[in-house]
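Morning, everyone. Please have the sequence and the 3D view open while I talk. I'll go from the whole chain down to single residues.

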Amino acid sequence: MTEPQDVRIEKLVYGGEGLGRLSTGQAVFVSGALPGEFVRARITGKRKGVFHAVTEEVLEPSPNRVAPPCGGEKQCTGATWPFIAYPAQLHLKETILLDTLHRTGGMAPKRPLPILPSPKTDHYRLRTQFNVRSEKGIQRLGFFRQGSYSLVEVEDAFLIHPLINRTLAAVRKLIDLLPPLLEVHINASPAGEVHLLLFGAEDTLTPLEQFFTALQRAVPEVIGITGFAKKKKVVSLGRNTMTLDVEGLTLHATEGNFFQVNWDQNRNMVRTVLDFADPATGDTVLDLYCGIGNFSLPLAKQAKQVIGIESGFSAIEDAKKNAQLNNITNVEFIADDLQKGLKPLLERKLKAGVVVLDPPRAGATLKTLERILAFVPRKIVYVSCNPSTLARDLKFFHLFGFRLDRLQPVDMFPWTWHIECVAEMVREE
């Protein structure tokens with residue numbers, strides 16, 4: 001189809017697109033549209049038998065459509081919902097989450113809770129990965145446009161923390177001091193620190209000392225840089241650990257180890273996990289995909305014992321050091337693949353009253369889900385960033401006697417379609 005199509009949008013689906021019908025009755029997913037709007041859309045392709053399109057003109061706008069709070073793609077890149085009023089974003093995320101659970105999982109929470117709005121809706125991102133492309137002998141930093149390798153050289157980006165924006169501007173001015181690069185990762189901490197990861201395009205990296213000195217002069221908050229050649233760490237200058245805090249605890253995250261980009265909302269999410277888990281004083285709690293101890297260590301203040309498992313060795317080393325830093329002794333951290341790491345615990349005939357899991361976007365594997373059941377928990381607390389895989393995995397637990405009690409959406413990513421939530425599965429008596 002080459003001619004624009006006029007489409008009435010029925011609802012939004014996970015991924016942020018609007019579902020509508022073409023004049024032929026065929027379904028079409030339209031980006032840049034809101035429920036109830038009548039739009040003129042251009043078909044961009046067909047995937048898995050379904051048409052996809054982009055909005056070219058809004059013929060009948062929704063009352064929830066607003067002027068973007070950022071100016072052009074250099075500021076707005078990354079904000080996939082800049083045209084939707086923030087209260088409407090919250091409502092849409094609640095609706096999409098519940099709809100996905102119903103369609104994919106065949107379930108609804110007994111006690112759905114209202115979404116937690118983000119304390120900050122702009123400049124909240126503490127971690128950002130920039131692509132590097134060379135044009136006419138000059139290295140340029142930015143984000144790729146969706147579906148292409150065309151670079152947007154972002155400036156004062158609306159969602160990115162001001163320290164990262166300042167550091168990006170300084171790196172651009174000092175770009176002649178850097179070797180050929182593929183990516184630059186700039187991470188900031190709530191404590192006001194900045195650390196950079198530089199990924200080289202060649203087998204070796206030229207010395208970075210001159211660049212580091214000049215960058216610290218321009219941005220004193222920069223604490224260190226780490227350089228990689230062919231994804232192998234080859235140099236580290238300055239300090240390479242970021243300082244975080246949660247529930248009265250101090251956490252350190254070593255270069256590149258994961259922590260939530262919206263730390264104010266992370267604090268709210270940790271409180272939600274603690275509330276849902278509610279471990280008894282005699283409980284053993286399993287924390288799967290535990291990272292640097294974001295949930296494990298606060299849980300250890302309530303439970304008899306917490307065992308955290310994570311495939312990333314560096315993250316587990318951070319978790320162990322964080323336990324020592326906070327004088328927490330009732331935790332055990334295991335660096336292993338989730339399936340392999342659970343097997344020795346089962347061989348110890350360990351029982352866990354509560355299992356907390358925070359898997360990646362793809363969700364947990366079937367073997368991991370099966371082994372969770374073998375610990376005979378009375379409660380499973382599932383932290384998810386993908387409603388589709390959440391629904392799939394909760395459906396599995398439901399088949400084995402668990403019901404979905406509370407569901408807490410958390411708006412970790414304002415002005416985007418991404419949805420974070422915490423689900424409480426309780427064993428039925």
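Let me start with contacts. Take the contacts between residues at least 6 apart in sequence: 64% of them join residues at least 24 apart. Keep in mind that this is a predicted model.

Next, the overall build. The chain has 10 helices and 22 strands. Its radius of gyration is 23 Å, close to the 22 Å that the globule rule gives for 429 residues, so the chain is as compact as a globular protein of that length. Along the principal axes, the C-alpha trace spans about 60 × 60 × 35 Å.

Of the 429 residues, 54% are buried. The exposed surface comes to about 19000 Å². Carbon and sulfur atoms supply 52% of that surface.

Charges next. The chain carries 51 positive and 47 negative charges. Their mean positions are 3 Å apart.

On to the aromatics. A pair of rings is described by the distance of the centres and the angle of the planes. How many aromatic pairs does a search of the whole structure find? It finds 10.

Look at Tyr-14 and Trp-417. Their ring centres are 5.4 Å apart and their planes sit at 90 degrees, so this pair is edge-to-face. The pair links distant parts of the chain, 403 residues apart. Tyr-14 is in the loop between β1 (5-12) and β2 (18-21). Trp-417 is in the loop between β21 (402-410) and β22 (420-427). Are these two residues buried or exposed? Both Tyr-14 and Trp-417 are buried.

Now turn to Phe-130 and Phe-143. Here the centres are 5.2 Å apart and the planes are at 10 degrees, so the pair is stacked. Phe-130 lies in strand β7 (residues 127-135) and Phe-143 in strand β8 (residues 138-144), so the pair ties together parts that are 13 residues apart in sequence. Phe-130 counts as buried, because its relative accessibility is 0%. Phe-143 is buried too, at 14%; the cut-off for buried is under 20%.

There is also a ring cluster. Ring pairs link Phe-396, Phe-397, Phe-400 and Phe-402.

Now find helix α9, residues 366-374. Which of its residues are buried? They are Thr-368, Leu-369, Arg-371, Ile-372 and Leu-373. Note the arginine in that list. What do the buried residues of α9 pack against? Two helices are among the partners: α8 (338-347) and α10 (387-399). The strands are β16 (284-288), β19 (354-357), β20 (379-384) and β21. After α9 comes Val-376, with a positive phi near 50 degrees.

Leu-249 lies in β15 (residues 249-254). Leu-249 is buried, with a relative accessible area of 6%. Leave out residues up to four places away in sequence, and Leu-249 touches Leu-244, Leu-297, Pro-298, Lys-301, Asn-326 and Ile-328. Pick Leu-297 from that list. Leu-249 and Leu-297 are 48 residues apart along the chain, yet their C-alpha atoms are separated by 8.0 Å.

The second one is Asn-187, in strand β10 (residues 181-188). At 8% relative accessibility, Asn-187 counts as buried. Again leaving out residues up to four places away in sequence, its contacts are Leu-126, Arg-127, Thr-128, Glu-193, Val-194, His-195, Met-242 and Gly-256.

Last topic: backbone angles. Most residues other than glycine have a negative phi. Two loop residues to look at here are Asp-156 and Lys-231.

Asp-156 has a positive phi, near 45 degrees. Its loop runs between β9 (151-152) and α3 (162-173). Asp-156 is partly exposed, with a relative accessible area of 46%.

Lys-231 also has a positive phi, about 65 degrees, although it is not a glycine. Lys-231 sits in the loop between β12 (222-229) and β13 (232-238). Is Lys-231 buried or exposed? Lys-231 is exposed, with a relative accessible area of 77%.

To recap: 10 helices and 22 strands, 54% of residues buried, and an edge-to-face pair, Tyr-14 with Trp-417, that links parts of the chain 403 residues apart.

Terms used:
Residues are numbered from 1 along each chain as its sequence is written. This is a predicted model: local features need pLDDT of at least 70, side-chain atom pairs count only at pLDDT 80 or more; totals for chains, interfaces and linings use all residues. Side-chain values use heavy atoms; hydrogens and water are left out. Helices (H or I, at least four residues) and strands (E, at least two) are DSSP runs, numbered from the N terminus. The radius of gyration is taken over C-alpha atoms; the globule rule is 2.2 Å times the number of residues to the power 0.38. Buried means under 20% relative accessible area, exposed over 50%, partly exposed in between (1.4 Å probe, protein chains only). Contact means heavy atoms within 4.5 Å. Accessible areas come from the Shrake-Rupley method with a 1.4 Å probe; for residues, only the protein chains shown count as cover. Lys and Arg count as positive and Asp and Glu as negative; His and the chain ends are not counted. The place of a charge is taken as NZ of Lys, CZ of Arg, CG of Asp or CD of Glu. Rings of Phe, Tyr and Trp (its six-membered ring) pair if their centres lie within 6.5 Å; planes under 30 degrees apart count as stacked, over 60 as edge-to-face and the rest as tilted.
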